[in-house]
Amino acid sequence: MLTRRLFCGLAALTTTTILAGRAFAVPSLVLMDGVTPNPDNTTVIEAGKFKKDGPWVIGMSHFGVNANTWTVQVSHEADFAASKEPRIAKFITLDAGFDQKKQVADIEDLIAQKVDAIIVMPVSSTSANASIEKAVAAGIPVVLHTGRIDSDAFTVEIQGGAEHFGKVMGDWLVKKVGNDGKIWVLRGLAGHPEDTNRYNGLMQAIEGTNIQIVAEEHGDWQYDKAKSLCETLFVSNPEVDGIWSSGADMTRACVDVFKSFGTAIPPISGEGNNGYFGQWLADGFDSISSEYSPAQGAAGVRAAIALLEGQELYHSYGYHPEGWDKDKAAKFYRADLSANVWWPSELSEELLQKLYAK
Amino acid sequence: MFDLMGRNSRQGMWAMPLGVAVVIGAVLSFGTAQFATAENLWNLVTQAMPLVITAIGQMLVVLVGGLDLSVGSVISFTTAILALDAPAWVLIPAVFVLAAGIGFINGFVVTRFRVHPIIVTLSTQYIVLGVTRILRPTSGGTVPEVVIAAVSGSLWGVPFAALWGLAVIALAWVLLYRARYGLHLFAIGGGIASGQTEAARNFGLKDRRTVLLAYVACSCFAALAGVFLAGRIVSGDPNVGLLVELDSITAVALGGTQLAGGIGSLHGTVIGAFVLALLANGMNLANVSPFVQTAVKGVILMAVVGLQSRKKMGL
């Protein structure tokens, strides 16, 4: 009896050790600084499952290349990462232009081209699901980043965590405005999951406080629209203790409005944009920068390469960096580059100069 | 004599876009390995279908000198309704009843209050989009299984999308060329285009009713396109119809229909929609950079429309 128990115990211990060893052996690949395996989903994509000899053709379905300077840079970061890998014969980027039905068609076109891997930046949380399932059914690994989908059909995901992004800003703002503060909320594009999820992060941060949202508007992450909004808000409701802005271009616009009215700039959130950093450092207002690197484009390419090399990867990775203070922003800020660069970036100095030199 | 260029034809100038479609198809067949494969051609048919359906509806309105800018919102609204938690036998008829109501409002305000169609349909576009975003702020929900099956399946290797296309084209063909209603549309539109807005009425045609029904039909075609798209994206989405109104007007114009009314054809509109789908599919396969795709599309459209010179100036 004792022998049987001992045997069972040893067997269980051995199995646990093997499984644990297997789990710990996997994440040797660093997809990007700050990207870590998702502790809530430790599923592993087994080694060799998608292994293929090169040369490879990799396709990327981008939710909207020309939407703003950040989305453009994601494309550049992906192109640059692909150009560094000699086994990639062709890297195809298709632009859905924030059109769900075009993204469905784009992924179908990539499948028809028999690409070796597909990277998807989803337009919405549901619209690309069927196409992604079709790609995986055709034996093509799908890497998902910068947007969640309501399906588990992808092969590997790298998720920036829009809620985390919004919560980092929200937590900081709660400290700044206090329990009874009045805030404006500048949101992104209505209906876009990134906007909804960042906003949900703010809601988590202010839950349990008496903070009052005195104005909530969609600036579509655009400078010009946000500037008009902030002008109107300032005229109609200037008593504001802090501003939660979902994007750096909107932050810049709002700061410019306060400066034009000659009033003190209230605490306002921002993100890793060179123009915003320059403004922050020059004007010295109270702010925090959430990190959401365009280099996720490069991380997606690295994940696709790893799958084609036959490496083991986790099914789900998270990207939840801390907020940046002014000192960290100062280390990244480049006065010689335009306002259109986003940090952190993996672009080479040569490319930064070529694309963004003033 | 068969008027290939269509400069004098009531059917509009459809031969030019057909020629362009053939040339693009030929270039892609020789230039890319994937274009002429059955998989890609069926993809193309499926991808074009929502626009084909919407553009046919849009053409009915354009034939009487109107425009419907609300079709994109009707499409989004339809997907949002279909993703509600209710049985398919309730949801599917409901989307057509609601779409007919939207079309009725458009047509009623245009014909009774003589408000310009752009203003009327732009207003309904905003109203319907607003209601859609209240119903479904972000994409999600589940579309009835029957809708998904009706869109994603195939029969003897032919995707259901092709059957949808045949059915819709047959319906529109009967409406335009075999029913008195189609004749009235061309007659009323011809009068409007030539500045004689009362001409059709003087001949005893019920012009207001005919125009109103064109808007109702246009909305119903948009709802049908919405049902198709809901089956494609398997969910409701408040933004899925954005800009379809402009694409549908482009397809109609590209197919040789005169935006002033009275001149146009079903086959021209179908060709126009396929040219747009062909451009999108072709540029993807030819790996044209996303930074230049939009410009290339604009240049080709301007070239095709520019080559369709008319004997009489019209929009």
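In this predicted model, the C-alpha centres of domain 1 of chain A and domain 2 of chain A lie 31 Å apart. Domain 1 comprises residues 18–160 + 292–321, and domain 2 comprises residues 162–290; these bounds come from an automatic or database domain assignment. Local features need pLDDT of at least 70 and side-chain atom pairs count only at pLDDT 80 or more, while totals for chains, interfaces and linings use all residues. Residues are numbered from 1 along each chain as its sequence is written, and chains are lettered from A and ligands numbered from 1 in the order in which they are written.

The two domains of chain A meet through nine residues of domain 1 and ten residues of domain 2, where a contact requires that the C-beta atoms of two residues, placed from the backbone, lie within 7 Å. On the domain 1 side, one of these residues is nonpolar, seven are polar and one is charged. In this classification Ala, Val, Leu, Ile, Met, Phe, Trp, Tyr, Cys and Pro count as nonpolar, Asp, Glu, Lys and Arg as charged, and the others, Gly among them, as polar.

Chain A also touches chain B: 28 residues of chain A are in contact with 31 residues of chain B. On the chain A side, the elements that give two or more residues are β4 (88–95), α3 (100–112), α4 (129–137) and α6 (193–206). Helices (H or I, at least four residues) and strands (E, at least two) are DSSP runs, numbered from the N terminus. Of these elements, α3(A) gives the most, with nine residues. By class, the chain A side holds nine nonpolar, eleven polar and eight charged residues.

Helix α6 of chain A, one of the elements that touch chain B, has 14 residues, which should span 20 Å at 1.5 Å a residue; the end C-alpha atoms are 20 Å apart, in agreement. The expected span is 1.5 Å times one less than the number of residues in the helix. Eleven of the 14 residues of α6(A) are buried, so that the helix is mostly covered. A residue is buried if 20 or more other C-beta atoms lie within 10 Å of its own, exposed if 12 or fewer, and partly exposed in between, with C-beta atoms placed from the backbone. Among the buried residues of α6(A) are A:Glu194, A:Asp195 and A:Arg198, together with A:Tyr199, A:Leu202 and A:Ile206. The buried residues of this helix pack against α5 (162–177), β8 (182–187) and β10 (242–245) of chain A. After α6(A) comes A:Gly208, with a positive phi near 90 degrees.

Chain A also contains two cis peptide bonds to be noted here. A cis bond joins A:Gly54 and A:Pro55, with omega about 0 degrees, and A:Pro55 is found in the loop between β2 (44–45) and β3 (56–62). The bond from A:Trp343 to A:Pro344 is likewise cis, with omega near -5 degrees; A:Pro344 is found in the loop between α11 (326–332) and α12 (349–356).

Chain B has 13 helices and two strands. A compact globule of 315 residues would have a radius of gyration near 20 Å, and chain B agrees with this at 19 Å; the radius is taken over C-alpha atoms, and the globule rule is 2.2 Å times the number of residues to the power 0.38. The C-alpha atoms of chain B fill a box of roughly 50 × 50 × 40 Å along the principal axes. Of its 315 residues, 53% count as buried. Among contacts in chain B with a separation of 6 or more, 79% come from residues 24 or more positions apart.

Helix α7 (residues 160–178) of chain B has 19 residues and reaches 26 Å from its first C-alpha to its last, close to the 27 Å expected. Its buried residues are B:Ala161, B:Trp164, B:Gly165, B:Val168, B:Ala172 and B:Leu176. Seen down the axis of α7(B), these fall within an arc of 100 degrees and so line one face of the helix; the arc is that of the directions from the helix axis to the C-beta atoms. The face turned away from the buried side carries exposed residues, including B:Leu166, B:Tyr177 and B:Arg178. Among the elements against which the buried residues of α7(B) pack are α2 (38–63), α10 (207–233) and α12 (266–285) of chain B.

Two loop residues of chain B have positive phi values. B:Arg114, not a glycine, has phi of about 55 degrees and is found between α4 (88–112) and α5 (117–135). B:Arg114 is exposed, with 8 other C-beta atoms within 10 Å. For B:Leu243, phi is near 75 degrees; this residue lies in the loop between α10 and α11 (244–254) and is partly exposed, with 13 other C-beta atoms within 10 Å.
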